[in-house]
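Hi,

Here is the structure I promised to pass on. Have a look at it first, and then read my notes below.

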Amino acid sequence: MNSQHNLFTPVQLGPLTLSNRIVMAPMTRLRAIDNIPNALMATYYAQRASAGLIVTECTAVSPLSLGYINCPGIYRTEQIEGWRLITDAVHEQGGRIFLQLWHSGRIAHPFLLGGELPVAPSAIAGVGSLHTPNGKVSLEVPRALETPEIAGIVEQFGQGAENALAAGFDGVELHGAFGYLIDQFLQDGSNQRTDEYGGSSENRSRFVLEVVEAVTNVWGGNRVGIKLSPSNTFYGMSDTNPPATFGYVINALNRFDLAYLHLMEPNEIDLANREVMHPLTPYYRQIYKGTLITNGGYNRQTADAILSENHADLVSFGKLFLANPDLPKRLQLNAQLNTPDQTTFYSSDAVGYTDYPFLELQVS
Ligand SMILES: Cc1cc2nc3c(=O)[nH]c(=O)nc-3n(C[C@H](O)[C@H](O)[C@H](O)COP(=O)(O)O)c2cc1C
């Protein structure tokens, strides 16, 4: 690592040599009808294969982790086959793709779970609402997991990792961010357990570290990443001492020699909600010894700056990649960028999904 890096310097990520340091951030797009990945999604991801690495939208490891209508899963044969269409399409374009493994925990609703209550570390409701087949509903109080049940959820992540291998991915990223199950275990506002999974930072980190163990047993450490968002307040997340909580778990992750740690900076909502650490990447850079991807609100200038200051090794782009299938080329040429259209982020078809123009088409 030295100060000469910019977005276009190749980088080693575990065994993979990436052609640039531009990562497509994971983004839920809700186009997986009946939770099965499809050909439209293959077109969308293949269009974005010039990223050094694509991380897919979050993908449920079991039926009880389905937080949204038409989000994909990785626990059924049809889903593995659907993802295979996507990994093949991305690889044909020379791209690299990791699957984001996810359990939504309390961010779900009986209407999405065949009538079952969502599960969580503690019976504490998230703050917010969800779209369900029966309309928009507020988050309800989840059922606290019994201690012996937790091993079963860890196993679901392990099975998801095996299924991702069968689907042809280059690796997997654990979704430990944004108020979902892993984050719910980590932060004490959502975890008030009195068993070995609650209380101290060490106990609250136990679940995620067991999941990391299960998934690295399948892939090896160097093809596994994890995304964390220590300053996230979304869905009512809170912690009495985030630097202690996240400092502990990030230090504990060092021993796995992971492909990367993916850190999300706070967004406008987090900054408006309460006092949070911002920026957080330089702080956790001192604790994490491996490859670091930073995320959140970057543009060409700020991304090059954080790389040249050596606070991170790669930068991931969400909304800009959604709207610009050829984002690396546009960043390299300092070309104009398409504007993301929020009204189609979570719609159901090709509009606002695979029809954002490429640069060539605009100038010809
Ligand atoms: C439409 C949309 C869907 C998202 N879905 C996910 C997701 O499935 N998993 C995840 O970790 N983050 C998700 N995010 C967050 C992004 O990965 C990223 O952290 C965020 O957009 C900030 O990066 P940006 O400022 O470059 O957009 C989503 C963001 C957007 C805009």
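What follows is a short tour, from the whole chain down to single residues.

First, some housekeeping. This is a predicted model, in which local features need pLDDT of at least 70 and side-chain atom pairs count only at pLDDT 80 or more, while totals for chains, interfaces and linings use all residues. Residues are numbered from 1 along each chain as its sequence is written.

**The whole protein**

The protein has 13 helices and 14 strands. These are DSSP runs, numbered from the N terminus: helices are H or I with at least four residues, strands are E with at least two. The radius of gyration is 19 Å, close to the 21 Å that the globule rule gives for 364 residues, so the protein is as compact as a globular protein of that length. (That radius is taken over C-alpha atoms, and the rule is 2.2 Å times the number of residues to the power 0.38.) The C-alpha trace spans about 60 × 45 × 40 Å along its principal axes.

Of the 364 residues, 51% count as buried. Buried here says that 20 or more other C-beta atoms, placed from the backbone, lie within 10 Å of the residue's own; exposed is 12 or fewer, and partly exposed is in between. As for contacts (C-beta atoms, placed from the backbone, within 7 Å), 73% of those with a separation of 6 or more are between residues 24 or more positions apart.

Helix H7 covers residues 242-253, and its twelve residues should span 16 Å at 1.5 Å a residue; the end C-alpha atoms are 16 Å apart, which agrees. (The expected span is 1.5 Å times one less than the number of residues.) Which residues of H7 are buried? They are Pro242, Thr245, Phe246, Val249, Ile250 and Leu253. They cover an arc of only 115° around the axis, which puts them on the same side of H7; the arc is that of the directions from the helix axis to the C-beta atoms. Their cover includes helices H4 (181-186), H5 (201-204), H6 (206-219) and H9 (281-285), along with strands E11 (224-228) and E12 (260-264).

Leu228 sits in strand E11 and is buried, with 26 other C-beta atoms within 10 Å. Leaving aside residues up to four places away in sequence, Leu228 touches Gly176, Ala177, Phe246, Leu261 and Leu263. Leu228 and Phe246 are 18 residues apart in sequence, and 8.5 Å apart in space from C-alpha to C-alpha.

**Around the ligand**

How many residues surround the ligand? There are 21, and the closest are Ala25, Pro26, Thr28, Cys58 and Gly318. (The cut-off is a C-beta atom, placed from the backbone, within 6 Å.) Strand E4 (53-60) and helix H11 (319-323) are the elements that give two or more residues to this shell.

- Asn35 has a positive phi of about 65° although it is not a glycine. Asn35 lies in the loop between strand E3 (22-24) and helix H1 (39-47) and counts as buried, with 21 C-beta neighbours inside 10 Å.
- Phe178 is not a glycine either, yet has a positive phi of about 60°. Phe178 is in the loop between strand E10 (171-176) and H4.
- His278 and Pro279 are joined by a cis peptide bond, with omega about 0°. Pro279 is in the loop between helix H8 (268-273) and H9.

Cheers

Conventions:
The expected span of a helix is 1.5 Å times one less than its number of residues. Two residues are in contact if their C-beta atoms, placed from the backbone, lie within 7 Å.
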